[in-house]
Amino acid sequence: MSSATMGFPKGGVHPPEEKELSLGAELVTVTPPKKVIVPVTQHLGRPSAVVVNRGDEVVVGQVLAEATGPVSAAVHSPVSGKVLKIADGAVIGADRVPVIEIMNNGEDTGLDAFVQKTVSWKDKSSFLDWIRDAGVVGLGGATFPTHIKLMPPKDATVHTLIINGCECEPYLTADDTLMQWKPAEVLAGCCIMAGVLGISRILIGIEDNKPRAIEAMTVAAREGTYASFFDGDVPSFDVQVHALKTRYPQGAEKQLIDALIHRKVGAGKLPFTAGVVVQNSGTAYAAFEAVAARKPLIDRVMTVTGKGVEKPGNFLVRIGTPISEVVNAAGGAKENLKAIIAGGPMMGKSVKTLELPVVKGTSGVLLLTGEEIEEYRERECIRCGRCVEACPVNLVPCDVAAFAEFRQWDRAGKAMECVECGCCQYVCPANRYLVLYNRLAKYHWRRLQK
Amino acid sequence: MVILKAAIFLALLAGFLSVVLVLVSKKFAVKEDPLVGDVEEALPQYNCGACGFPGCAGFAKYLVESRDPGALCVPGGPDLQKKLAALLGMEVKAATPTVAHVFCKGTNSKAKQDGEYFGIQDCVAADLINAAPKSCPFGCLGLGSCVEACAFDALHVVDGIAEVIEENCVACGACVKACPRDLISMIPQGPRVVVECRSKDKGAGVKRYCEVGCITCQLCVKKCPENAIALTDDIIVIDFEKCTLCGTCIEVCPQNTILPAHFVPEKKEEPKEGTA
Amino acid sequence: MSSTKLILQSSPHLRDDDSVRRIMLTVLIALAPATVASVLMFGTRAVVVLVLAVLGCLAFEAIALKIMKKPLMPYLTDGSAVVTGILLAMNLPSGLPWWMVLVGALVAVVLGKQVYGGIGSNPFNPALVARVFLFISFPTAMTTWPVPGSDLFGMGADVATAATPLGVLKTDGLAALMSSDSNLYMNLLTGHVGGCLGETSAIALILGGLFLLLRKVISWEIPVTFIGTVFAFTGVFYLVDSSTYADPLFQILSGGVMLGAIFMATDMVTTPVTRKGMLLFGFGCGLITGVIRLLGSYPEGVSFSILIMNGFTPLIDRYITPAPFEDKGGELQAP
């Protein structure tokens, strides 16, 4: 491992990390609730198609909705029980999408089928299918189907698998926890994905504010503990764990690539063009479970934190569990709660209620009080240029905002390159709603292009 | 003497230039159908875009050239249609005069709010990030995108919902396009009965967040003597042509979602104010 | 759940603790050394100009906000009017009649800023708009420079006056300038020369500039290219004919170069937002200043140069944008 601290070269911010709030506590397994709400589509891409009916008895891991094309992912039952209804329901970020409600019979029938076994490297050709069938998607939050990212186009030469363990969002510690808890398994997942890609070079990037995760992963890489999960003709892997400078958005895919191999992947281009594939450390663990236990993605590690919750910490939660149940496991919400945010504070979404289900992409929930979040009202741009300095993808955010404010959508096309990381708005002394202007500009720009 | 010289010189110059101007204007005169000018003059000059042309001039040219009987200047109203028919010497269909209407009465006091929205005062923006303060996923956001779209000052946000000032509305339809929740439609002017809700949620859901939301109980559908009310796409819709303003539905509606406008229903004990 | 309303907003949900008000306060702190220097040099007259300019700007700002039906908060309390007032005072001679100062404040706040829509919308630096307005309207009063250090507690126009070093250079030539003051460079640094309130002590201005740099309110690009270009441009002339043209060190220390480069040309609203644009802006200011000083009929050209470049700012921002985020190609570097 290299001891030099690396980072992406331009832009970014360093907000207060606030990670100690949720670190340190044991990983708590949340008891599956009486009723789970499983959204039919939990990934980026084509919606999944429901394959169960109302009244059906389902077991743990049974397919509820299957993929409807290559860029799609299956959804599995996280509990055993009866399908109550298939209807429209509210999820994080949308008021009405199809969801499947299942009454949990509490028996977890079928869960014992997913026993971890030694992986025979001879089955390598099946790894990709198993990952796909398990419904594994990017667990960093983007929820892009993992198997698609493991199938580079024919003309691309992939030489490196980059594992994103940055978790650059303040507050969140789910990846950190997972890497400390199961470093060998995470690493084995990385090897499985590298095996699928037919490459041996694995770079793991972790921000230097997670010394314990870096230590755990470095030890696992050095001692080769992951090898015990495999038998057969296992190739050797060149695993490097890199400590990266703590700077948001270090964990953005393109910034991470820039930091680790000094290549900039331009707007609209895929990491393949730089010869890399980037996967989140949580995704690596899910891929490991999919291959070693043939276990579909029915649970995930998530952070519940903020000063608005009694006992912040990390939780192993079944998909479909209402957020309120996880918050209860964390001791409940406090009276002076001022905001609920699904995800991290820089890119997460405001939600109105805790009665929304945890989905594959839910990396955390923040319950913030007035101490941590303010009611920001925007005022006039004073053209200080701080947003330009902070933008990691070299945009001029104040310009896009000005075009959007005056509804000149045809001139706001640059917004399409915005990754909505929020750095510009974080530094804006006028508290301009820069990210929202960008989103609005994108919406209208897309309409203009039609 | 100097003054005289200057005056003579200027007079000569003026004379010469005016001759040049006349010649040039004759030479480069653009032949235009005088009718186009007349038609353009007859148009209301709102340049509102309701006809699909950016301005009245373009529409006038199109009308004269195409004599398209389907082309309509809605904001001009029936008077203009008669005028145009006389000018163009053709049949012009008289459209029913319409007016914009916002199908939501979920004011701040009647619709539940989950929080306070901080962001661009624009309905599309708030809807994009799912941060509308009201719980109802169908109701008026009250941030005034329609108000901004209206060039005639015919919309205002009052107590969290947009309201149409009918006297100012020319039915250009700009607000209809601006509403991200599809809550504004053009409806016939004059007395009418309207279902003031477009929620597609089930009754129990609606009851959780709105005092005046339609719970799709369909009592009105059953009780309407004219069969003028139907459930279409999960929304109760009144057929204005069939409606006789009898007021039955207004009385049976348990949520007070159905309201009269511009008339007082006879049977009603406590007549409600007109909605405008 | 709590009874207080939840905040619903777009990400990000955090902000750093910077604000417009904080930026303005930082500028005011940075202006403090130069303000003190001006009072030390010009006494009560400087105090009168400063107070009138600041109060005038605040009052006209309040009136303009009222007329435009805008709330007084946060506009009046964010400090922007005070900054405009101090900067205006810095650009006026100390003996200026009181009513001209108020006219300046009116022009700066109303014509320079509020008619365009208030803070953030003005294309030209408000204080400089006022300075140039006064300079053209009242040329005599605006070029009557009380001698620094004399009659410190006096009031009004009854005071010994003298031309600025640049004025001497323009009208009487280099030889006269050099013989007029045996200790010229030291006086330029400490501010013991004639001129506007803020055109005196280079040291005080540089101190303020360093503070602004340290607090990241300004970046180095504009001041350095501005001063550098003036130095280089006048340096070339000096090298060609050192008997007619003053040396570049004199050029950057005298007149409004320091004040302009550090405080006026770095005004956020009226200058480019990108670093590359700032370099071009600073270069343009320096070039125009040099041309006016050496080839024009005015002894000084800093105000005009900044205003002219303010006019180019939208163009610069339109065509000089950051390089797109993409690979320049080349060999793959292993970490």
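1. Let me begin with chains A and C, which bury about 5200 Å² between them, with carbon and sulfur atoms giving 55% of it. Please keep in mind throughout that this is a predicted model. The contact brings together 69 residues of chain A and 48 residues of chain C. Within chain A's share of the buried area, A:R379, A:I382 and A:R383 supply 15%, more than any other three residues.

2. What holds polar groups together across this A–C contact? There are four salt bridges between chain A and chain C, and 18 residue pairs are in polar contact, both partners at pLDDT 80 or more. One of the salt bridges joins A:R379 to C:D78, where the closest N and O atoms are 2.7 Å apart. A:R379 is therefore worth a look on two counts: the N–O distance of 2.7 Å lies within the 4 Å limit for a salt bridge, and the residue is also one of the three that lead chain A's buried area against chain C.

3. By class, the side that touches chain C has 35 nonpolar, 14 polar and 20 charged residues.

4. Now to chains A and B. The area buried between them is about 1700 Å², and 60% of that comes from carbon and sulfur atoms. A:R96, A:K352 and A:L436 supply 36% of what chain A buries against chain B, more than any other three residues. In residue terms, 17 from chain A meet 21 from chain B.

5. Between chain A and chain B I would point you to three salt bridges and five residue pairs in polar contact, again with both residues at pLDDT 80 or more. Among the salt bridges is the one between A:R407 and B:E148, with 3.3 Å separating the closest N and O atoms.

6. Which elements of chain A give two or more residues to the side that touches chain B? They are β8 (94-104) and α12 (434-449). Of these, α12(A) provides the largest share, six residues. Sorted by class, this side of chain A has eight nonpolar, two polar and seven charged residues.

7. Beyond four places in sequence, B:Y117 is in contact with A:L436 and C:L8, and within chain B with D122, A125, A126, I129, A131, P133 and L143.

8. Finally, a charged residue in chain C. Is C:E300 buried or exposed? C:E300 is buried, because its relative accessible area of 15% falls under the 20% cut-off. C:E300 sits in the loop between α14 (275-295) and α15 (302-319) of chain C, and its side chain reaches the backbone nitrogen of C:G256 at 2.5 Å. Not counting residues up to four places away in sequence, C:E300 touches C:L166, C:G255, C:G256, C:V257, C:T289, C:I292 and C:R293.

Terms used: Residues are numbered from 1 along each chain as its sequence is written. Chains are lettered from A and ligands numbered from 1 in the order in which they are written. This is a predicted model: local features need pLDDT of at least 70, side-chain atom pairs count only at pLDDT 80 or more; totals for chains, interfaces and linings use all residues. Side-chain values use heavy atoms; hydrogens and water are left out. Contact means heavy atoms within 4.5 Å. Buried area is the accessible area (1.4 Å probe) that two parts lose on being put together, summed over both. A salt bridge is a side-chain nitrogen of Lys or Arg within 4 Å of a carboxyl oxygen of Asp or Glu. A polar contact is a pair of N or O atoms within 3.5 Å; within protein, one must be able to donate a hydrogen and the other to accept it, and residues adjacent in sequence count only if both atoms are side-chain atoms. Helices (H or I, at least four residues) and strands (E, at least two) are DSSP runs, numbered from the N terminus. Ala, Val, Leu, Ile, Met, Phe, Trp, Tyr, Cys and Pro count as nonpolar, Asp, Glu, Lys and Arg as charged, and the others, Gly among them, as polar. Buried means under 20% relative accessible area, exposed over 50%, partly exposed in between (1.4 Å probe, protein chains only).
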